[in-house]
Every structure is written in C-alpha cells, then in structure tokens.
Amino acid sequence: MDHIDCDLLIVGGGINGAAIARDAAGRGLRVVLCEKDDLAQHTSSASSKLIHGGLRYLEHYEFGLVRKALIEREVLLRSAPHIMRPLRFVMPHDRGEDGGNRPAWLIRAGLFLYDRLARREFLPGSHAVDLRAHPAGAPLQARYTRGFLYSDGWVDDARLVVLNAVDAREHGATVLTRTRCLAPQRHRAHWEATLVHGEATTKVRARCLVNAAGPWAARFLDGCAQGAGGAALRLIKGSHILVPRLFEHDHAYLFQHPDGRIVFALPYEGAFTLIGTTDVDYTGDLDQVAIDAGEIAYLCQLANRYFVRAVTPGDVVWSYAGVRPLVQDSAGAAAAVTRDFRLDTDTDGAPLLSVFGGKITTSRKLAEQAVDWIAPVLGKRVAGWTAAACLPGGDVFGERPDKRGVLEFGTWTATQGVRYPWLPPALLQRYVRAYGTRIDLLLARRNGMADMGEQVAPGLYAAEIDYLMEQEWATRAEDVLWRRSKLGLHVGAGSVGRVGEWMGARRMGRVEVG
C-alpha cells in the first residue's frame with residue numbers, strides 16, 4: 001500500500017477542485033487531488049459553454065455576482081484564448097401578448113448596467129439592432145424586427161478543467177482520476193484518508209481537506225468523521241440539446257420564454273446548434289443524470305417560438321444534462337436560485353473547507369479565495385498568482401495574459417500553419433483551438449502526417465490519443481471523444497469501440513504511436 005503526505009487533499013475533479021489545486025500548488029502547497037471518475041465528467045462538462053456575467057441575474061438584484069463574473073470574464077479570456085473566445089449575442093424582442101418578453105426599457109437598462117458594472121478592455125458594448133437588416137434576423141420569424149446585441153464569451157468547459165489540472169500538476173500537484181476517497185478521518189492536526197483506484201489503495205495524510213465534490217458535497221461531508229454541517233444544497237438539473245445547424249452566422253441568441261426563463265441557442269462544432277438550458281429540481285441518482293422528454297419538448301417549443309425552421313424531438317442528435325449544486329436560498333423557482341458560491345470553513349480539528357455553488361466563470365476567483373484561507377491556516381502566506389498567469393497553451397503572445405491572444409488569435413493560428421504546413425487546415429484549426437501553444441508538445445519530432453501514426457478514427461491519430469493519455473489523464477474512449485474533444489459528434493458509432501481498443505493496446509505496449 002502506498003502512502004502520501006501532503007498539505008492539501010482535494011476531493012472532486014470538477015472546475016472548482018481543479019482550480020483550487022492549481023492555485024494552491026502554485027503557492028507552494030503539496031497538493032493531492034482525487035476524482036472518482038474522469039476530470040469534468042459530470043457538472044463541469046454539462047454547462048452552456050459560456051463565460052458570462054449572467055445578464056438575467058440582474059433581475060434578481062445579484063449585482064455583486066454579476067460584477068464579479070464580468071471582471072472574471074476578461075481575465076479568463078486573456079488567460080486561455082485557445083479554448084475561449086468572445087461571442088456576440090442577439091436578444092430578439094417583440095411586444096407579444098403572452099408576457100414572454102421583458103419591456104424594451106428594462107432590457108436597455110439591464111444592458112446599460114451590464115456594460116458598466118466592470119471595466120471592458122476588448123469586448124464591444126451593447127446596442128439595439130434592426131433584425132430586418134442584420135444577418136441574425138434571417139433565421140428568425142418575421143415578427144422579430146428589432147432586438148439587442150451584447151457581448152459575452154464561449155468556453156470549452158471540459159478542457160478548462162483539464163488545463164487547470166495540468167497546470168496544478170506542473171506546479172507539483174498529484175492528480176488522481178478514477179480514484180475514490182473513502183472514510184476520511186479527522187484528527188487534531190491532520191486528516192487520514194484511503195484512496196482507491198481499481199485494486200490499488202493509497203493512504204493519504206493531509207493537513208487540510210477540501211470538499212469540492214459538487215453535487216456530492218453534502219453527502220461527502222456526512223461521511224467525514226466529526227464532519228461539520230455545511231450549506232443546504234438545492235440540486236438543479238440543467239439540460240441541453242443539439243440539433244443540426246439552424247443558422248449560418250457566428251452570433252448566438254438569448255431567447256425569452258413566456259414563463260420568464262431565458263434559453264440560449266449557440267453555434268456549436270460547426271454543424272450544430274446548441275439549445276439550453278432547463279432548470280429542474282433533481283432528486284435522482286447523481287451518477288445517472290439525463291435529459292427527459294419534458295425537457296426536450298420544452299427546449300424545442302422555445303426554439304419554435306423564435307426560429308423559422310421547426311425543431312422537433314426527432315431532430316435532436318445529442319443531449320446532455322448535469323446537476324448544479326446551488327446554495328439553497330429563499331427563491332421558489334429553480335431559475336431564481338443564486339449562482340454565487342459559498343465557502344464553508346471549519347477549524348474544529350484539522351482544517352476543512354467545503355465548496356458550495358458557483359459557476360465556471362467565477363471558478364478562478366473561488367479558488368483564489370479558497371486558497372487565501374487555506375494557505376495562512378497552513379502557515380504559507382503567499383499571495384494569489386493566477387490572475388496574471390496563462391493557462392497551459394494560452395501563452396500565444398508571451399508568458400503573461402494579453403488581450404492580443406484574444407483579438408489576434410487568427411494571426412497566431414496562421415503562423416502555426418507556416419510552422420506545420422503538412423497539417424491539413426481542418427486538423428490545424430482543431431489542434432490550435434484545443435492545445436494552443438502546446439501544439440508544439442503534441443507535434444514534437446513529427447514532420448509529416450506519416451509521423452502521426454494510425455488514424456484510429458476519422459480525424460483522430462495515434463499521436464493525439466497518446467498525448468491525451470500521457471498528458472491529460474485520458475483512460476477511456478469517452479474521455480477522448482467527448483471531453484478532451486467533441487469528435488464523438490463527427491465520427492461513426494463504431495469509433496468508440498475502436499478508440500477504446502487502441503487505448504487498451506497502448507497501455508499493454510502492443511501498439512506504436514509512430
């Protein structure tokens with residue numbers, strides 16, 4: 001049985017756990033992170049793929065949350081311009097008779113605040129738009145003649161988690177996936193826990209424990225010896241559907257529903273439109289979360305309220321659902337529950353920090369605040385550092401985050417085309433977006449497509465799978481096809497089995513990469 005001594009044991013490999021591991025390791029703490037499944041396998045890969053302030057939260061007077069998220073929006077975009085990018089949103093508006101639309105004056109007031117609650121360095125502001133003359137009006141029904149444009153950002157959510165974990169490891173952290181934390185025992189000055197990976201077990205002695213288990217956070221606390229009670233969680237399921245592309249332009253839409261909710265329609269993976277999300281209270285099995293027929297009908301109905309082209313359940317080519325662990329408040333409707341985070345701390349014995357709530361956009365700030373508490377408790381008084389650091393692959397114009405990475409990413413991509421002229425353009429585009437400057441690591445010592453090894457699935461070569469296994473903890477075909485990439489949308493159904501077989505053979509040393 002192996003033994004590990006560390007300063008910090010983090011349970012949970014979603015965005016919050018990975019971001020805390022990154023920040024803490026960068027401040028010199030000895031960090032172990034364990035995740036019972038794959039990184040970002042649950043809630044953190046089931047988002048709306050947005051880096052945003054949360055325009056609708058202004059209606060609930062969450063000005064502090066919106067300001068915090070708006071500040072983080074540009075911090076994150078600068079830090080990883082390969083996996084994030086600015087996105088313009090169109091909000092169609094009509095008077096309507098069913099109360100589905102907010103009054104135009106209210107929207108203008110909200111957008112005025114949204115533009116000014118935090119400093120914008122490179123994202124354009126909002127303005128009204130004549131949809132009869134704008135390309136975004138063409139896919140919409142004729143009654144939508146006016147609307148509003150505003151800015152937010154898009155993110156590859158699962159890759160954001162992985163890159164935080166990569167950076168944590170490169171600062172000295174140990175990251176263990178497919179590893180369960182069993183029966184943590186609390187002592188006066190340390191925690192003891194057993195980590196189980198398959199048949200192997202590891203004993204961990206940690207000075208501090210972080211509960212970042214997401215929807216499982218309350219359950220995990222119950223299993224801790226002398227565990228303290230935490231915030232009451234309200235588990236809300238959010239679901240999305242993917243349909244064949246409904247529009248050709250690169251803008252996204254924010255749609256208003258007669259029930260007062262809003263839903264996004266986003267361009268996705270070139271050939272698709274992503275529609276979501278729902279807000280439904282959830283009490284089922286957290287390991288078996290899935291969209292239901294009612295949610296699919298709801299999202300189709302809302303799309304049909306706006307788009308000319310009808311959307312039916314039969315058009316859905318893929319769907320996903322995740323459970324958001326939100327801090328319980330006085331809100332009745334699920335959509336009104338706060339998306340802000342809460343950190344519960346306890347020093348009645350070895351330190352314990354539990355993370356409740358939060359959203360992807362504020363994950364870096366959440367981690368910074370968490371480690372601001374953890375580090376001094378452990379005698380490490382080191383300032384936060386992540387606001388001025390790129391995520392792995394994001395250093396396209398230097399080591400420090402720079403708006404040039406956001407505004408001139410296309411220029412940088414062109415230079416990679418010159419460096420690697422043998423890469424097909426579509427493959428180059430996917431590689432720079434997935435790996436940024438780490439494309440050099442992926443393609444090290446390769447001088448042509450023959451050096452990439454076997455094409456295991458369409459557009460997926462042995463060299464990339466090997467990279468993901470060696471550098472990004474991919475152990476199963478689903479990790480490669482659905483989280484490290486979205487190639488699962490583009491390859492045949494038989495590719496999952498073939499990729500899985502190749503990965504198994506690679507682990508056994510029976511195949512060569514090239």
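Helices (H or I, at least four residues) and strands (E, at least two) are DSSP runs, numbered from the N terminus. The structure is a predicted model, in which local features need pLDDT of at least 70, side-chain atom pairs count only at pLDDT 80 or more, and totals for chains, interfaces and linings use all residues. Residues are numbered from 1 along each chain as its sequence is written, and side-chain values use heavy atoms, with hydrogens and water left out.

**The second largest pocket**

Begin by selecting helix H10, residues 425-435. H10 gives the largest share of the lining of the second largest pocket, namely six residues. A pocket, on a 1 Å grid over the protein atoms alone, is an open set of points where a 1.4 Å probe fits, with protein on both sides within 12 Å along at least five of seven lines; lining residues have an atom within 4 Å of a point. The space in this pocket is about 950 Å³, a volume being the space filled by probe spheres set on the points. Select next Arg-85, Trp-154, Glu-269, Gly-270 and Arg-433, which are the closest to the pocket centre of its 34 lining residues. S4, helix H4 (157-170), strand S13 (262-268) and H10 each supply at least two residues of the lining.

**Pro-86 in strand S4**

Move to Pro-86, which is placed in strand S4 (residues 84-93). With 35% relative accessibility, Pro-86 counts as partly exposed; buried means under 20% relative accessible area, exposed over 50%, and partly exposed in between (1.4 Å probe, protein chains only). Beyond its neighbours within four places in sequence, Pro-86 is in contact (heavy atoms within 4.5 Å) with Leu-77, Leu-123, Asp-152, Gly-153 and Val-406.

**Glu-295 in helix H6**

Which helix holds Glu-295? Select H6, residues 293-306, to find Glu-295. Glu-295 is buried, at a relative accessible area of 3%. Its side chain makes polar contacts (a pair of N or O atoms within 3.5 Å; within protein, one must be able to donate a hydrogen and the other to accept it, and residues adjacent in sequence count only if both atoms are side-chain atoms) with the side chain of Ser-239 at 2.9 Å and with that of Thr-278 at 2.6 Å.

**Helix H12**

Finally, select helix H12, residues 462-471, where eight of the 10 residues are buried. Among the elements covering these buried residues are H10, helix H13 (477-483) and helix H14 (495-507). Just after H12, Trp-473 adopts a positive phi of about 65°.
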